[in-house]
Amino acid sequence: MDFEPLSLALKFAFLGVLYLFLLWIARSARKDLKVNSGVAAGPETGFGGGGATRDGWLVVEASDNLDPGSRYDLFGGVTLGRSDDADIAFSDRYASGLHARVYARAGRYYVEDMNSTNGTLLNGAPVLGETEIPDGSTISIGDTSFRFQLDD
Amino acid sequence: MEVRAAGGSAPRRGSARNRELLALIPVALLLTIGFAAVFAQNDSQLGNLSLSYGLYFLAVCLATHIYIRIRLPDADPYLFPLMALLTAIGLVMIYRLDAELARDLARDQANWFVLGLVLFAVVVHVLRDYSVLERYRYTIALTGIGLLLAPRLPFLGEQVNGAYLGIRIGPVGFQPVELAKLCIVVFLASYLREHRELLVVGARRILGVTLPPLKHFGPLLVVWGASMFMLIFIRDLGSSLMFFAAFLALLYVATGRLSFITIGLAMFMAGAWVVYSTVSHVADRVDIWLDPYQDPSGAGYQVLQSMFAQADGGLLGEGFARSMVVIPGSSGDGFLPAAHTDLIYSLIVSELGLYGGAAVICIYLLVAARGFKIAMMANDGFSKLLATGLTTVFAFQAFVIIGGVTRVIPLTGVTLPLVSYGGSSILANFILLALLLLVSDRARREARRGGPAPPAGVWS
């Protein structure tokens, strides 16, 4: 009896499931990189100090599904929205898929609304065009809000 | 438009454990497919035995998962599934060898796996506050050195292939080096946590080279030197390489001084050359590595057969249980020697091809990535260094043996972590997993609550 086709099929099934599984884990790991645990480099951390530029963070203040207090590193700029493609993805009835972006330029941080349906608020005022974010500001999108924080 | 809840973007408590649970299902599925393929090949029938094996495996993993859910609710979600996957691949490959070697290795390995998980649970229970490890650092260091010495004791030790690796108490054989590696990492992490500042501040420049202060470097050098000496004494080259890598990685993470690493590597070069030119056992290994064809049926046999077996596999492999391991008609492991231990990676490549081998390497890479992530998330120096050291030693062990069988570095006998047959290796690696998850659980819990918890008295 020839079992070769079955053997072949099982081998490919094994490799297929294995790679899908690894891709899934690698993808989640990549997403995790955007979330930082919220520990600044102190004398005890053992990973050296930061550079000359000040790191900026978004700290969740209110959200349906993000934990208040989670911190997001703004390195390289981030997009916010309820789509999975957003770097900081959250669920909010009033948020658009890609709602706003936050980025740094020449040591300053800016927020820009990306033509969202319901708009973005910076300290209660609507964001028009790119707007600089002062330390400690609050960025609100629908019912979700983040506090902007600079490292010392 | 549906919005997915927290799809891996925030460290939520429930979702981490749910992702772990979800990840265990494909792992059990892979084990089932693997067993089914071996059955189909060996007995020409499918049956439902593979399904029951898969379900047993899933049940054991689920029990562990529930335990983690209760005791370590915030721990890293992917580390346990990845380690279970490595064990599953190992079980399939070892089972596949059973028929040809006419032994019951897979059943033993499955028992070791269950025992390893029990030990995992015990370690998690006992070391709830793992900072006690720091207090007993010298006891742990002495235990480690003692474990390394044990195989050389006349009434305990036994010699295998020129290396004194195992000890035997009654019917139970054990490879103490697997446990010793954990002891040495714990010692290095706790010592460096306390003295790292002094190592940096006290450093002096002599002839343009920054040297660490001897007073604080001394104890480190003594313990580490002793373990290196023991390894050469018991002739375990692979492990000495592993220890050295862990030592350098920890020193770098603790001090951030590249010069220390340069000095370390220079010392390694010098030491390696001295050992090469004085110890014949080492010289043989290196010569075989450089030119295995000088003695193709003797000393070079193992590494050559390993290369041939991998070449046979090609891109996609010959399929489960379809590559030749034993020459028909001969007794014992003829074609691919030590296929269940040292050369198990060659067997995987032979049967699943380059893609299968690359996948295995990817699993180790992902484990290393998770481990270093845990180190970065941890809030105190000891946790950071412990996670770094454990991850390095695990990943480097995989490098030493995979590098060995692919002739990147000289072939030395260490196990492929969790895949190779061997009880002590399985047990030690599940203790390692327990420590990593303990560190991870504390770090992620503190991150979730926002900021580190007030330090307990023992961490400076």
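User: In what order do the elements of chain A run, from the N terminus on?
Analyst: Elements here are DSSP runs numbered from the N terminus: helices are H or I with at least four residues, strands E with at least two. Chain A has one helix and 12 strands. From the N terminus on, the order is α-β-β-β-β-β-β-β-β-β-β-β-β.

User: For this predicted model, at what pLDDT do side-chain atom pairs count?
Analyst: Residues are numbered from 1 along each chain as its sequence is written, chains are lettered from A and ligands numbered from 1 in written order, and side-chain values use heavy atoms, with hydrogens and water left out. The model is predicted, so totals for chains, interfaces and linings use all residues, local features need pLDDT of at least 70, and side-chain atom pairs count only at pLDDT 80 or more.

User: What share of the contacts in chain A with a separation of 6 or more comes from residues 24 or more positions apart?
Analyst: Contact means heavy atoms within 4.5 Å. Among contacts in chain A with a separation of 6 or more, residues 24 or more positions apart account for 39%.

User: How much of chain A counts as buried?
Analyst: Buried means under 20% relative accessible area, exposed over 50%, and partly exposed in between, with a 1.4 Å probe and protein chains only. Chain A has 152 residues. The buried share is 47%.

User: How many bridges join β6 to β7 in chain A?
Analyst: Strands of a sheet pair through backbone hydrogen bonds, either parallel or antiparallel. In chain A, β6 (residues 100–105) and β7 (residues 108–113) run antiparallel. R105(A) stands opposite R108(A), and V102(A) has V111(A) as its bridge partner. The number of bridges is six.

User: Which residue takes a positive phi in the hairpin of β6(A) and β7(A)?
Analyst: The hairpin of β6(A) and β7(A) has two residues between the strands. The phi in question is near 50°, and the residue is A106(A).

User: Which residue in β10(A) is the bridge partner of E112(A)?
Analyst: β7(A) and β10(A) run antiparallel and are joined by three bridges. In β10(A), the partner of E112(A) is E130(A).

User: Is N115(A) buried or exposed?
Analyst: N115(A) sits in the loop between β7 and β8 (121–122) of chain A. Its phi is positive, near 55°, in a residue other than glycine. With a relative accessible area of 77%, N115(A) is exposed.

User: What is the relative accessibility of N123(A)?
Analyst: The loop between β8 and β9 (125–126) of chain A holds N123(A). N123(A) is another non-glycine residue with a positive phi, near 50°. It counts as partly exposed, at 48%.

User: How are α13(B) and α14(B) oriented to each other?
Analyst: Axes are lines fitted to C-alpha atoms, for helices over the stretch in contact, and angles run from 0 to 180 degrees between N-to-C directions. For α13 (344–377) and α14 (381–405) of chain B the axes are 9 Å apart, at about 165°. Under 35 degrees counts as roughly parallel, over 145 as roughly antiparallel, 65 to 115 as roughly perpendicular and the rest as oblique. The pair is therefore roughly antiparallel.

User: How many charged residues are in the contact of α13(B) with α14(B)?
Analyst: Residues in this contact include Y364(B) and F372(B) of α13(B), and K384(B) and F394(B) of α14(B). Ala, Val, Leu, Ile, Met, Phe, Trp, Tyr, Cys and Pro count as nonpolar, Asp, Glu, Lys and Arg as charged, and the others, Gly among them, as polar. The contact has 15 nonpolar and five polar residues, and the charged count is one.

User: Which hand is the crossing of α3(B) and α13(B)?
Analyst: The axes of α3 (residues 79–101) of chain B and α13(B) come within 9 Å and cross at roughly 160°. A crossing is left-handed if the near helix is turned anticlockwise from the far one by less than a right angle, and right-handed if clockwise. This one is left-handed.

User: Which residues does T341(B) touch, not counting those up to four places away in sequence?
Analyst: T341(B) lies in the loop between α12 (301–313) and α13 of chain B. At 19% relative accessibility, T341(B) counts as buried. Its contacts are S420(B) and Y421(B).

Notes: Two strands pair if DSSP finds at least two bridges between them.
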